[in-house]
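Work through the exercises below with the sequence and the model at hand. Each task is followed by a worked solution.

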Amino acid sequence: MKLNQLFGLEGRIALVTGGSRGIGRMIVEGLLEAGCAKVYISARKVHEIEETCAALGERVIGIPADLSQIEGIQCLADELAARENKLDLLINNAGAAWGEPFEDFTEAGWDRTMDLNVKTPFFLTQKLFPLLKAAGTAERPAKVLMIASIDGMKSNPWPTYPYQASKAGLIHLTRRMAAELIGHNIVVNGIGPGAFPSAMNRAARDNEDMVRKGIPSRRVGVTEDMAAGAIYLLSRAGDYVVGTTIPIDGGVVNANIGAGNFVDPSGH
C-alpha cells in the first residue's frame, strides 16, 4: 500500500470544533494538507472564524456556535445536516480551562469547564451520529477524535481542578464511546496534547524557554506535531487503533524524569 493511501484524507468531510485557533487550527491545517475536501470549523467568535477561513482558503467553512449549551450543540448539528448528508471526521476540540484557589473555587468555573470538556463532546457526537453512521463503512470507517490533555493523564500543581478531572473523564469517555460506536463503523480515539503555544496555554506561547525545560524533548510542540498525530488517527493508518488516547507531549507523561519535573510544561 502506498503512503498516501495510508495517511491521505482525500475527499473526506470534517468538522473541527474550536477550529479557528490554537490546537484546533493546527489540526485544520493538517486535514487540508492531507486532502480533505471540506473542513468545517466552529467557534463562538465570528471574527476569528472569518480570519481563519480567509487565511486557509475556500475548503474551510465556518459555522459560529456556542457549544456550552445543548441548544448550541443541536444548532450546529442541524446546520451541518442541512449542508451535508454525511460526516467522515469529527474532531471534538472545543474546551475550556479554569483556575482558582481551592478555597475560592466557584461553581460557575467548575460547571463551565466540566460541561464544555465532557458533556459537549458526548452530545455533539450523539447529535451527529446519523451523519457519522452514513459515512462509515467497514472498509472506511468514520472517525471521532477527542482532544484531551496530558493533564488528564497526570497531575500538575496548578489549581485547575475541573480541567484536570474533565480531561481524565474524557479519556475514559473515549474508551466507552469507542466500544459503542465501533459496531457502527465509527472509530473513536483521542489525543492528549502537551505544551503547544495557544491562547489557552499562554505559558508555552509566551515563555517557551522556561516551559521547554520540563519537556524531555526540550521543545514545545509545533503545528506539524499536532497535525501528524491527528492525521495518523483519522486516516487509514489508524483504523485498527480503537479507544486509545495518545499523548503528544515530547515525553512529559512517559519519559519525564530528573530535574525537568520541577517545571510544569502544561502551562496552567
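**Exercise 1: an aromatic cluster**

Phe105 counts as buried, at 19% relative accessibility (buried: under 20% relative accessible area; exposed: over 50%; partly exposed: in between; 1.4 Å probe, protein chains only). The model is predicted: local features need pLDDT of at least 70, side-chain atom pairs count only at pLDDT 80 or more, and totals for chains, interfaces and linings use all residues. Residues are numbered from 1 along each chain as its sequence is written, and side-chain values use heavy atoms, with hydrogens and water left out.

Task: classify the ring pair of Phe105 and Tyr161.

Solution.
1. Rings of Phe, Tyr and Trp (its six-membered ring) pair if their centres lie within 6.5 Å; planes under 30 degrees apart are stacked, over 60 edge-to-face, and the rest tilted.
2. The centres of Phe105 and Tyr161 are 5.8 Å apart and the planes stand at 75°, so this pair is edge-to-face.
3. Tyr161 is partly exposed, at 36% relative accessibility.
4. Phe102, Phe105, Trp110 and Tyr161 form one aromatic cluster.

**Exercise 2: the surroundings of Ile186**

Task: state whether Ile186 is buried or exposed, and which residues Ile186 touches.

Solution.
1. Ile186 lies in strand E6, residues 186-193 (strands, E, are DSSP runs of at least two residues, numbered from the N terminus).
2. Its relative accessible area is 0%, so Ile186 is buried.
3. Leaving out residues up to four places away in sequence, Ile186 touches Phe129, Leu132, Lys133, Ala142, Val144 and Leu181 (contact: heavy atoms within 4.5 Å).

Notes
Helices (H or I, at least four residues) and strands (E, at least two) are DSSP runs, numbered from the N terminus.
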